[in-house]
Amino acid sequence: MEVYWFMFVWVIFFGILTQMTSRYELVGGETYEPRARLFMAILVFSVIIFFSGMRSSFADTSVYRETFKTYPLLSDANSFLSDKNLKDKGFAFLGVLVKTFISDNYTVWFTIISVISGVSVALILYKYSCNFAVSAFLFMASCQFTWMFNGIRQFLVASIMFLCTDLILKKKFMIYALIVCLLSTIHQSALILIPVYFIVTGEPWSKRTLLFVGGVILAILFAGVFTNIFNDVVENTSYSGAIESLKETDDGTNIVRVLVESVPTIIAFIYRDKINEKLTPIIKLSINMSLMSTGIYVISKVVSSGIMIGRLPIYFSMYNLILLPWLLKNIFYKKEKDLVYYIMIVCYFAFFYYQMCITWGGPSYYSEILKLRYS
């Protein structure tokens, strides 16, 4: 756990410095909000990117490491990439390109993926978060950072789509859909983002969002049918081999995580009348994305599919990193705002400890290149 504690301290320390050196920017033509400076934003995330790229083991890291070693060079890749049994060919093709033109060292491969993922998240928070320090803290404390160590294929797609936020705000659907289709060759679950586009581009708490809530209720009522449909969808994806074994071990998403990820949605709903006139396009989108995240987390808990369905919210939950700081800034007054911030810090810190040290038993870290091993 030493590495993760070090990362946490780094993010907090440099996050505070980032906020102290932030510039003010006119938002919505009426109010000024602090925005991080680009160098500082990247500096905050650099520690996560570094240790993620340098790792030699962590959960499914060994699988990606050994798979990368099997990738051929581009000159010999025709039969490899045309193999009908090869899943997620886009990811394999990227691996082949890296191995051919950059390096055959798996650490370089992991570092490239980490840089793309980490910088993508940092850039959107740099552009839209009204409190970068809090957003970075939430990224660590909610344990979303672990996606850069485990589940890197899906997070690579999720982070790139997060970087494409402006395409949603500017309603450039054709370009958005094209990127989703391309990224689906890396992780097919990305295709869920196409129908979701038509839900999240509406007004918060509109008929579209209420329709989604209705869909969640129906999914809960017909949990067995929903799970079977989902299994059929992923039958020909990289998830297929895991389905049968997961049925015996997967008891759904941890209820604590469901509650934690639902906090921004609940606050936004309770205070919807108070914030209605202050909403900007990015906050409207973030509210809808947060609702999507909460709904899918609820489904994953009820139908006991925390690993399969429970992985989908990452496409939406990163918008909580923008939403929650904005809600705290715009809902509460000075005295109560300070108290709410303290409560938030304590609660999220407690969740970090619970998730990392109790639920996961203190994840180990091993880096062959850094000569580090912590168990």
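Me: Which residues of H20 are buried?

Reply: The buried residues of H20 are Val-340, Tyr-341, Met-344, Tyr-348, Phe-351, Phe-352, Gln-355 and Met-356. Keep in mind that this is a predicted model.

Me: How should I read the spacing in such a list?

Reply: An α-helix has 3.6 residues a turn, so residues three or four places apart point the same way. In this case, the buried residues of H20 pack against H1, helix H7 (132-141), helix H15 (255-270) and helix H19 (320-331).

Me: What length does H20 reach, and what is expected?

Reply: H20 covers residues 334-359, which is 26 residues. From first C-alpha to last, H20 reaches 36 Å, close to the 38 Å expected at 1.5 Å a residue. Just after H20, Gly-361 takes a positive phi of about 65°.

Me: How many helices and strands does the protein have?

Reply: There are 20 helices and four strands. Of the 375 residues, 53% count as buried.

Me: Which residues touch the most other members of the largest nonpolar core?

Reply: They are Met-7, Phe-45, Ile-48, Phe-145 and Phe-149, in a core of 107 residues. Helix H6 (residues 106-128) gives the largest share of this core, nine residues. Take Ile-48 as a case: beyond its neighbours within four places in sequence, Ile-48 is in contact with Met-7, Val-11, Phe-139, Met-140, Phe-145, Met-148 and Phe-149.

Me: Is Ser-52 buried or exposed?

Reply: Ser-52 counts as buried because its relative accessibility is 0%, and buried means under 20%. Ser-52 lies in helix H2 (residues 38-54). Not counting residues up to four places away in sequence, Ser-52 touches Phe-110, Ser-114, Met-148 and Phe-149.

Me: Which residues form a nonpolar patch on the surface?

Reply: Ile-12, Phe-13, Ile-16, Leu-17 and Met-20 do, with about 470 Å² of accessible area together. Ile-16 is in helix H1 (residues 2-20), and at 45% relative accessibility Ile-16 counts as partly exposed.

Me: Now the charged side chains. How many salt bridges does a search of the whole structure find?

Reply: The general idea is that side chains of opposite charge can pair when their charged atoms come close. The search finds eight salt bridges. One of them joins Arg-257 and Glu-261 at 2.9 Å, N to O. These two are four residues apart in helix H15, so about one helical turn separates them. Arg-257 is buried at 12% relative accessible area, and Glu-261 is buried at 4%.

Me: Which parts does the salt bridge of Glu-203 and Lys-284 tie together?

Reply: The two side chains meet at 3.3 Å, N to O. Glu-203 lies in the loop between helix H11 (193-200) and helix H12 (207-221) and Lys-284 in helix H17, so the pair ties together parts 81 residues apart in sequence.

Conventions:
Residues are numbered from 1 along each chain as its sequence is written. This is a predicted model: local features need pLDDT of at least 70, side-chain atom pairs count only at pLDDT 80 or more; totals for chains, interfaces and linings use all residues. Side-chain values use heavy atoms; hydrogens and water are left out. Patches are made of residues with over 30% relative accessible area and no salt bridge: like charges are joined within 9 Å, nonpolar side chains (Val, Leu, Ile, Met, Phe, Trp, Tyr) within 5 Å. Accessible areas come from the Shrake-Rupley method with a 1.4 Å probe; for residues, only the protein chains shown count as cover. A salt bridge is a side-chain nitrogen of Lys or Arg within 4 Å of a carboxyl oxygen of Asp or Glu. Buried means under 20% relative accessible area, exposed over 50%, partly exposed in between (1.4 Å probe, protein chains only). The expected span of a helix is 1.5 Å times one less than its number of residues. Contact means heavy atoms within 4.5 Å. A nonpolar core is a set of buried Ala, Val, Leu, Ile, Met, Phe, Trp, Tyr and Cys residues joined through side-chain atoms within 4.5 Å.
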